[in-house]
Amino acid sequence: LKKGETYGVLPEPIREGYKFLGWYTKPEKGTQVRSTTKFSEEQDLVLYAHWEYDAQAYWRYILENRVQQIPQCRRVVVYLERNAGYKTYIDCPFLTDAGAINPAEGLEHYKVTDEWIKSVQPYIIVKLTTDTSMSLVSKTGMLRRFPDAEIYVFSTSAVSGNENYQLYCRLYLAKLLYPEYFEDVDLAVVKSELKVKATIYY
């Protein structure tokens, strides 16, 4: 560029989990440079990308990236039961985004029987509740039906809450199912950064 010329079209870099704020003349603070900014230096000038951390984007990237690394042959079956008994979800991103196999995919109806649930041999069972203060009651009821099963109770917000709550629950489930792929994920940090209040009973 020559002195007095505008910068023109500037590249937009991508950094997973961060929002690009623009190009600046210094690593911190400095003056923002836009495509219409006129070059006023006598010599070359280094521009620095400024970023803003986006917790939701960052943890979504971590979840998607890690789940992609899990071979299909390592993925486990998880049965998810709604708050109302004997009802499941045929299409359930809560399970699939966490890397789990949803045995109900392909069913014509969301109502199921205990015999069917046992036949799919779930690795764990997830029970949803609208009242987390009743989680023990929910788990006890499930254990009567499946005494040998490993059962976790999540709020129904895991499938219908705000984006941050759903993302936290998917990360929780993914780490529960595949701890070796999420060893460095501190769920307390995730909860804090996403600003959610979530309790999972097991």
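What percentage of the 202 residues of the protein chain counts as buried? In this predicted model, the buried share amounts to 37% of the 202 residues. The protein chain exposes about 12000 Å², of which carbon and sulfur atoms supply 48%.

The overall dimensions were examined next. The radius of gyration of the protein chain is 24 Å, whereas a compact globule of 202 residues would have a value near 17 Å. Along the principal axes, the C-alpha trace spans about 80 × 35 × 30 Å. Among contacts in the protein chain with a separation of 6 or more, 69% are made by residues 24 or more positions apart.

The secondary structure of the protein chain comprises 7 helices and 6 strands. Read from the N terminus, the order of these elements is β-β-β-α-β-α-α-β-α-β-α-α-α.

Helix α6, formed by residues 163-177, packs with helix α7, formed by residues 187-194. The contribution of α6 to the contact consists of Asn164, Leu167, Tyr168, Leu171, Tyr172 and Lys175, which meet Leu187, Val190, Lys191 and Leu194 in α7. Classified by residue type, the contact of α6 with α7 contains 7 nonpolar, 1 polar and 2 charged residues.

Individual residues outside the helices were also considered. Lysine 111 is located in the loop that connects α2 (93-96) and α3 (114-119). With a relative accessible area of 52%, lysine 111 is classed as exposed, since the cut-off for this class is over 50%. Residues up to four places away in sequence aside, lysine 111 touches Tyr86 and Lys87. The C-alpha atom of lysine 111 is separated by 6.4 Å from that of threonine 88, although the two residues are 23 residues apart along the chain.

Positive phi values occur at two residues other than glycine, glutamine 121 and lysine 195. Glutamine 121, in the loop between α3 and β5 (124-129), has a phi near 50°. The relative accessible area of glutamine 121 is 65%, and the residue is therefore exposed. Lysine 195 belongs to the segment after α7 and has a phi near 55°. At a relative accessible area of 74%, lysine 195 is likewise exposed.

How values were computed. Residues numbered from 1 in each chain as written. Predicted model: local features only at pLDDT ≥ 70, side-chain atom pairs only at ≥ 80, totals over all residues. Heavy atoms only, no water. Axes fitted to C-alpha atoms, helices over the stretch in contact; angles between N-to-C directions. Helix = DSSP H or I, 4+ residues; strand = E, 2+ residues; numbered from the N terminus. Contact = heavy atoms within 4.5 Å. Nonpolar A, V, L, I, M, F, W, Y, C, P; charged D, E, K, R; others polar. Rg over C-alpha atoms; globule rule 2.2 N^0.38 Å. Buried < 20%, exposed > 50% of the residue type's maximum accessible area, 1.4 Å probe, protein only. Areas by Shrake-Rupley, 256 points an atom, 1.4 Å probe, with all protein chains shown as cover.
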